[in-house]
Amino acid sequence: MLYIFDLCNVIVDIDFNRVLGVWSDLGRVPLALLQSRFQIDEAFEQYERGEISDEHFAAELCERLDIALSYEQFVAGWQAVFMGARVDTLALMNQLRADGHRVVILSNANKLHTEFWPTQYPEVRAAADAIYLSQELGMRKPEALIFEHVLQQEGYRADQAIFFDDNADNIAAANALGIESVLVTDNKTVPVWLASHR
């Protein structure tokens, strides 16, 4: 079987409030105000497809948030999103590989985060046979093409794959292609699901 894992809030915990907290302190803007203005918009999606540069995205987001930050301050906050790897999930990924299954990561990712998390969590890269990143592929979940690309690259049919993700839209898109998909709601979802299906 091919096991496809999302990265954020599936293997590594993230919290965008940590990002906004750093920017709030640096820019002296109330956290609640930044929270009300922050959203996943078209620019965010373009950034995850690698269509706009780090600097362009930073400038655009700072303008939308109405906060004055240097690029270095923006990056300091942006990288604060990561909280830590889920040790139980990593152990299960390694066990799946030891059992002869193929294990890959499929993540909507941007360049700054992709340059950062592998240095912080080398054990994540070590637990996967391959890593597919939206900003390198020029497409992102929930677009059907990105799932089809992974299946084609890996040489598996949709009915030979299982997908774990914390986003309901991504789950629905994978299901529509015939990929068995599991919505990850907390750090127990993956261990509980695998324990009941192995």
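In this predicted model, a patch of negative charge on the surface is formed by E42, E60, E63 and D66, which gather there together. Of these residues, E42 belongs to helix α3, which covers residues 42–48, and its relative accessible area of 58% places E42 among the exposed residues, because exposed means over 50%. D66, another member of the patch, is found in the loop between α4 and α5 and is likewise exposed, with a relative accessible area of 55%.

R28 is placed in the loop between α1 and α2, the latter helix being residues 31–37, and R28 is exposed, with a relative accessible area of 77%. A further backbone feature is the cis peptide bond that joins K141 and P142, for which omega is about 10°; P142 itself is located in the loop between α9 (134–137) and α10 (144–154).

Turning to the aromatic residues, a search of the whole structure finds 17 aromatic pairs. In one of them, the ring centres of F16 and W78 are 5.7 Å apart and the ring planes stand at 55°, so the pair is described as tilted. Because F16 lies in helix α1 (residues 16–27) and W78 in helix α5 (residues 71–78), this pair ties together parts that are 62 residues apart in sequence. The two partners can be described by their accessibility: F16 is partly exposed, with a relative accessible area of 21%, whereas W78 counts as buried at 0% relative accessibility. In another pair, the rings of F57 and F74 have centres 6.2 Å apart and planes at 75°, so the arrangement is edge-to-face. This pair links distant parts of the chain, with F57 in helix α4 (residues 54–65) and F74 in helix α5, 17 residues apart, and both F57 and F74 are buried. These four residues, along with W23, F38, F44 and Y47, form one aromatic cluster.

Among charged side chains, a search of the whole structure finds 14 salt bridges. One of these joins R140 and E45, whose side chains meet at 3.6 Å, N to O, and the pair links the loop between α9 and α10, where R140 is found, with helix α3, where E45 is found, 95 residues apart. R140 counts as buried at 9% relative accessibility, while E45 counts as partly exposed at 27%. Both residues also belong to a network of salt bridges that links E45, E48, R49, E51, R140 and E143.

A second salt bridge is formed by D54 and K111, the closest N and O atoms of which are 3.7 Å apart. Since D54 lies in helix α4 and K111 in helix α7, this pair ties together parts that are 57 residues apart in sequence; D54 counts as buried at 7% relative accessibility, and K111 is partly exposed at 40%. In a further example, E154 forms a salt bridge with R102, with the closest N and O atoms 2.4 Å apart. E154 lies in helix α10 and R102 in strand β4 (residues 102–107), so the pair ties together parts that are 52 residues apart in sequence. Here E154 counts as buried, at 13% relative accessibility, whereas R102 is partly exposed, with a relative accessible area of 28%.

Conventions
Residues numbered from 1 in each chain as written. Predicted model: local features only at pLDDT ≥ 70, side-chain atom pairs only at ≥ 80, totals over all residues. Heavy atoms only, no water. Patch = residues over 30% accessible without salt bridge, like charges linked within 9 Å, V, L, I, M, F, W, Y side chains within 5 Å. Areas by Shrake-Rupley, 256 points an atom, 1.4 Å probe, with all protein chains shown as cover. Salt bridge = Lys/Arg side-chain N within 4 Å of Asp/Glu carboxyl O. Lys, Arg positive; Asp, Glu negative; His and termini not counted. Charge placed at Lys NZ, Arg CZ, Asp CG, Glu CD. Helix = DSSP H or I, 4+ residues; strand = E, 2+ residues; numbered from the N terminus. Buried < 20%, exposed > 50% of the residue type's maximum accessible area, 1.4 Å probe, protein only. Phe/Tyr/Trp six-rings, centres within 6.5 Å; stacked < 30°, edge-to-face > 60°.
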